[in-house]
Amino acid sequence: MRILLAIPSLHLGGAETQFVHLANGLHRRGHQVIVAAFSSGGPLESALRGPKLHTLAKTSRLDNLAVFRRLIGLAREFRTDVYYGFLTLPNLMGALLRLTRPGLGLAFGLRASDMDLKRYGAAASLSTALERQASRLAGLAICNSEAGRAHAQRQGYRPGLLRVVPNGIETVRCRPER
């Protein structure tokens, strides 16, 4: 299967770390995985083991149309079967991509729950509302916790769309010292 995974950046963060684990794990299982990071840089870029990284050169909000055009080209060139976005902007672009490719499998990654959007400004509130509406085009929305799923349902996501896949933990790295 050809899977295109998309994320805003590969800077240090919880969603970004889980994203890299997922990309590497899918690759180890034999899938063809390509990673689209909207912005370049970030220490987690070097943690990708197998999946090819494509940077879409986003430098500001004004770049979104150009980034989307590059994403369309990447999905076409890779002959993508499934697109899986992590976080709001990649999810929104995935929904738009799905409109251009009706047979494309689309999964949304919902990585945050119960955020006080008033703290993030009008753009965050608008994009979150648009993401909720765009989820109608997705075949699946993956939450990383039961609390996240419950929050998404309260926000209007279809219950049948939501699945919980808990964050993975590297037991080799995260074991108690003796």
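Ala, Val, Leu, Ile, Met, Phe, Trp, Tyr, Cys and Pro count here as nonpolar, Asp, Glu, Lys and Arg as charged, and the others, Gly among them, as polar. By that division, the lining of the largest pocket holds 22 nonpolar, 12 polar and 6 charged residues. This is a predicted model, in which local features need pLDDT of at least 70 and side-chain atom pairs count only at pLDDT 80 or more, while totals for chains, interfaces and linings use all residues. Residues are numbered from 1 along each chain as its sequence is written, and side-chain values use heavy atoms, with hydrogens and water left out.

**Confidence**

- The average pLDDT (the predictor's confidence in each residue, from 0 to 100) is 91 for the protein, and 95% of the residues score at least 70.
- Confidence is highest in β1, at 98, and lowest in helix α4 (residues 122-134), at a mean of 88.
- Helices (H or I, at least four residues) and strands (E, at least two) are DSSP runs, numbered from the N terminus.

**Nonpolar cores**

- The largest nonpolar core has 30 residues, and Leu 4, Leu 71, Tyr 83, Leu 97, Phe 108 and Leu 110 have the most contacts inside it.
- Two or more residues of this core come from each of β1 (2-7), β2 (32-37), α2 (64-78), α3 (88-100), β5 (105-110) and β6 (140-143).
- Helix α2 gives the largest share of this core, 7 residues.
- Another core, of 18 residues, lies apart from it and includes Ile 7, Leu 26, Tyr 84 and Ala 107.
- A nonpolar core is a set of buried Ala, Val, Leu, Ile, Met, Phe, Trp, Tyr and Cys residues joined through side-chain atoms within 4.5 Å; buried means under 20% relative accessible area, exposed over 50%, and partly exposed in between (1.4 Å probe, protein chains only).
- In soluble globular proteins, nonpolar side chains tend to be buried together.
- Leaving aside neighbours within four places in sequence, Tyr 83 is in contact (heavy atoms within 4.5 Å) with residues including Leu 4, Ala 6, Phe 38, Leu 71, Met 93, Leu 97 and Leu 106.

**Largest pocket**

- The largest pocket contains about 1,100 Å³ of space.
- It is lined by 40 residues, of which Thr 88, Leu 89, Ala 124, Ser 127 and Thr 128 are the closest to its centre.
- Elements α2, α3, β5, α4 and α5 (146-154) give two or more residues to this lining.
- The largest share of the lining of the largest pocket, 8 residues, belongs to α4.
- On a 1 Å grid over the protein atoms alone, a pocket is an open set of points where a 1.4 Å probe fits, with protein on both sides within 12 Å along at least five of seven lines; lining residues have an atom within 4 Å of a point.
- Grid points are joined across faces, edges and corners, and a volume is the space filled by probe spheres set on the points.

**Second largest pocket**

- The volume of the second largest pocket is about 400 Å³.
- Its lining has 18 residues, and Gln 18, His 21, Leu 22, Asn 167 and Gly 168 are the closest to its centre.
- At least two lining residues of the second largest pocket come from each of α1 (14-28) and β4 (82-86), and α1 supplies the largest share, 7 residues.
- This lining divides into 8 nonpolar, 6 polar and 4 charged residues.
- Gln 18 sits in helix α1 and counts as buried because its relative accessibility is 14%.
- Not counting residues up to four places away in sequence, Gln 18 touches Phe 86, Arg 111, Asn 167 and Gly 168.

- Phe 78 belongs to helix α2 and is buried, with a relative accessible area of 12%.
- Beyond four places in sequence, Phe 78 touches Arg 2, Ile 3, Leu 4, Gln 32, Val 33 and Ile 34.
- Phe 78 and Phe 38 are 40 residues apart along the chain, and their C-alpha atoms are separated by 17 Å.
- Arg 79, in the loop between α2 and β4, is not a glycine but has a positive phi, near 55 degrees.
- Leu 87, in the loop between β4 and α3, also is not a glycine and has a positive phi of about 85 degrees.
- Leu 87 counts as partly exposed because its relative accessibility is 23%.
- Asn 144 is in the loop between β6 and α5 and counts as buried at 18% relative accessibility.
- Not counting residues up to four places away in sequence, Asn 144 touches Leu 110, Arg 111, Val 164, Val 165, Pro 166 and Asn 167.
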